[in-house]
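My notes follow in the order I made them.

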Amino acid sequence: MQEYRPSLRAMGQRGARAWRELLLLLGGLWMCGSGAQPTPPGPTRGPVPPLKFRLAGYPRKHNEGRIEVFYNEEWGTVCDDDFTLANAQVFCRQLGFAGATGWAHSAKYGKGVGRIWLDNVNCAGGEKSIRDCKHRGWGNSDCSHEEDAGVICKDERIPGFKDSNVIETEQSHVEEVRLRAVVSGTRRRLPVTEGIVEVRYKDGWAQICDDGWDSKNSRVICGMMGFPAEKKVNRNFYKRLKRAARTRGRSTRPGGRLASKSQPKQKRREDVGSRKRLFAERQQLNYRLHSVSCTGTEVHLSMCTFQFYRGNASAACSTGMPAVVSCVPGPLFATGGAQKKKQRQQQQGQPRIRLKGGAKAGEGRVEVLKNNEWGTICDDRWNLLSASVVCRELGFGSAKEALTGARMGQGTGPIHLNEVQCLGTEKSLWSCPFKNITQEDCKHTEDAAVRCNIPYMGYENLIRLSGGRSRFEGRVEVAVGAGDGDEPRWGLVCGEGWGTLEAMVACRQLGLGFANHGLQETWYWDASNVTEMVLSGVKCEGHELSLSHCQHHGSSLNCRNTGTRFAAGVICSETASDLLLHAPLVQETAYIEDRPLHMLYCAAEENCLSSSARHANWPYGHRRLLRFSSQIHNNGRADFRPKAGRHSWVWHECHRHYHSMDIFTHYDILTPNGTKVAEGHKASFCLEDTECEEDVAKRYECANFGEQGITVGCWDLYRHDIDCQWIDITDVKPGNYILQVVINPNFEVAESDFTNNAMKCNCKYDGHRIWVHSCHIGDALSEEASKRFEQYPGQLNNQIS
């Protein structure tokens, strides 16, 4: 084979050509690479298109929402990774607001669609544009829309800001919906249960054409408005109003068709009234949607199919009328006779589902009753369809949120259900498919919860705070005489008897969550010109929606100190602790001890013995004590802290320790009919984290005058062998009794749920030995089981030591 050898000249030509190509390639790569670097704009580069921003999502106010950016001719969202308040400040200013008050993660305002334009945004807070902040690059993100960020902006606009940069919603999207009462007499009555359905459009409201409208559509609207069900509307009545309005527009002659003398006088009066009622409404009709078709299981109108009217919609809905919906309120929001009827129906049997741990009505951890015991639901496959079935079953509307991961605190006892999969049409959660739980499947850290839509009642407009350092605290002011269109008169609430339960109701009415403190003196918040005391004797149970629902003196004020310094105040918090006793440990550790009097001097000084001990022959003789251990868990969402600070703790020389709460626990022996025959109490001489759940660090320790409290996910253990951890039963006769332990009995510290603070056990005492059995948290059993639980003798725990 002849070997091919190119000439040197040919090689040189090809080599030079290759070098030129290589240089061009490298130059091109350098040009591409340098394009990512900041360079002075060349004469051929056009201006950078301005970014546009908007707030989207639901439910929201005008100054909050999911943040969306218009870049490269496409709208997209921002991921919440590394998101900070400084980022929110820049976004809010670009939206024309003066600044930000907060931000939201995990798609609080709903999941967006399309691109996720920004991720790992890092602003200092003073930037003029989001372009000046660091981020991963436009369109470079590893997030899903479940991580869309939102912002809460100050309700204050930048002077002179051009709103053209703010596009609040797309033309093809529906977010805000309302039900507007039309008929006279119902406009001021709350809740609004019947009216025209309207959607937010630009700066006003638009109507929906009712062509093809059916009960499934009405069900969705009622669910959004906070009502569990819809009912049939008298459509003919609204048609008559529409005709009256149209005729009123064409002719105002007294002899017109609608005012014909041939009609009965009563009918003429109705039609004249109809014209008055709806004439103004007719002038405002602005149809926006038509051909709405819902399945009935949607939680929002935007999830249904519908069409928009485009362009000039003056001839829209020529064969129809505005969609009108009538809803059935739940028992909590029904008025008059309807409410009483609903309550009677509920009393016929105990409900098998309830919400616990929520600050507001219609929210909380979902608990179900099975085999006479309350338990929770595991959050596997928990979604809005199942959550909506729960909400409607409880008398609320559809679900706003299906919460997972024990967002409303951890429950106790069994986890009854797992992988609940409702279709959304079921009347009860128990009609939905689910799996029975095994202990290995789920833990209480996976307890499911809901937030339901509830009707607008306007309670928050009748209360306000003044003088506080933040919106969560201040002196309570209430509006009186606000009916019939009168201007409300604002006044103060007498601080006498004002406590945690009253503060809980005030914070709920304000929409500020739970109460940290109820204050009887507020001289340090004296910043308002409101000085008149208008409400006294307020006494709440803690579950009311408004202070007006609590007991009070009415118009006859009875307050010893009417000066402003003695006005009631509150400090609210979005989260709260939740203490409960570990019932099995009480049962396992209970025993009787005959303790010599000479060992009880310190206990007597702290009133840990019954009153008859004062007449005993000290130091001879003994007292018979029922002893047991107490393990107190904090299952809430905030640490449990003593009400008093360290500066006001009381030193007890005999036991040589401080008391941060004079009475932390009550111990009682009751007869089956509830009569108290023996009692004890425990002061909180040391509230600390004895042990914690995995991955939870201890924060409180009593040693060296340390801070006291119980961290979320931790527990405090009072062992059976320490002083005062007993009940003095020296004077108790043999018989059947109930042992009751109540934590935080005086409600000194706010909790998300006080109903689980009591624990009850059955006791059988024969004069020598005691049997303690059937220990359970006070609200853990069904009503039927609670009535039965003291009838059985139980097991032997221990003999006299």
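**Entry 1: the β28 sheet.** I looked up how β28 and β29 are joined: they run antiparallel, with 6 bridges between them. This is a predicted model. I then traced the whole sheet. It is open, has 3 strands in the order β28-β29-β37, and its pairing is antiparallel. Which strands stand at the edges? They are β28 (591–596) and β37 (726–728); each has a single partner strand, so one side of each is left without a neighbour in the sheet.

**Entry 2: strand β22.** I moved to β22, residues 473–480. Is this strand mostly covered or mostly open? It is mostly covered, with 7 of its 8 residues buried. I listed its pairings.

- β21 (residues 463–467) pairs with β22 in the antiparallel sense over 5 bridges. The two form a hairpin with 5 residues between them. Leu465 has Val476 in β22 as its bridge partner.
- β26 (residues 569–573) pairs with β22 in the antiparallel sense over 3 bridges. Here Gly474 is bridged to Val570.
- β23 (residues 489–493) pairs with β22 in the antiparallel sense over 4 bridges. Here Val480 is bridged to Arg489.

**Entry 3: aromatic pairs.** I counted ring pairs with centres within 6.5 Å and got 17 aromatic pairs. I took Phe53 and Phe91 as one case. Their ring centres are 6.0 Å apart and their planes stand at 70°; over 60 counts as edge-to-face, so this pair is edge-to-face. Phe53 lies in strand β1 (residues 52–56) and Phe91 in helix α2 (residues 85–94), so the pair ties together parts that are 38 residues apart in sequence. Both Phe53 and Phe91 are buried.

I took Phe628 and Tyr667 next. The centres are 5.2 Å apart and the planes are at 75°, so this pair is edge-to-face. Phe628 sits in the loop between β29 (622–627) and β30 (630–634), and Tyr667 in strand β33 (residues 661–670), so the pair ties together parts that are 39 residues apart in sequence. Phe628 and Tyr667 are buried.

I also noted one aromatic cluster, formed by Phe53, Phe83, Phe91 and Trp103.

**Entry 4: charges over rings.** Last, I looked for arginines over rings. The charged end of Arg157 sits over the ring of Phe97, 4.5 Å from its centre. Arg354 lies over the face of Trp374, at 4.1 Å from the ring centre.

Note on methods
Residues are numbered from 1 along each chain as its sequence is written. This is a predicted model: local features need pLDDT of at least 70, side-chain atom pairs count only at pLDDT 80 or more; totals for chains, interfaces and linings use all residues. Side-chain values use heavy atoms; hydrogens and water are left out. Rings of Phe, Tyr and Trp (its six-membered ring) pair if their centres lie within 6.5 Å; planes under 30 degrees apart count as stacked, over 60 as edge-to-face and the rest as tilted. Buried means under 20% relative accessible area, exposed over 50%, partly exposed in between (1.4 Å probe, protein chains only). A charge sits over a ring if NZ of Lys or CZ of Arg is within 6 Å of the ring centre and within 35 degrees of the ring normal. Two strands pair if DSSP finds at least two bridges between them.
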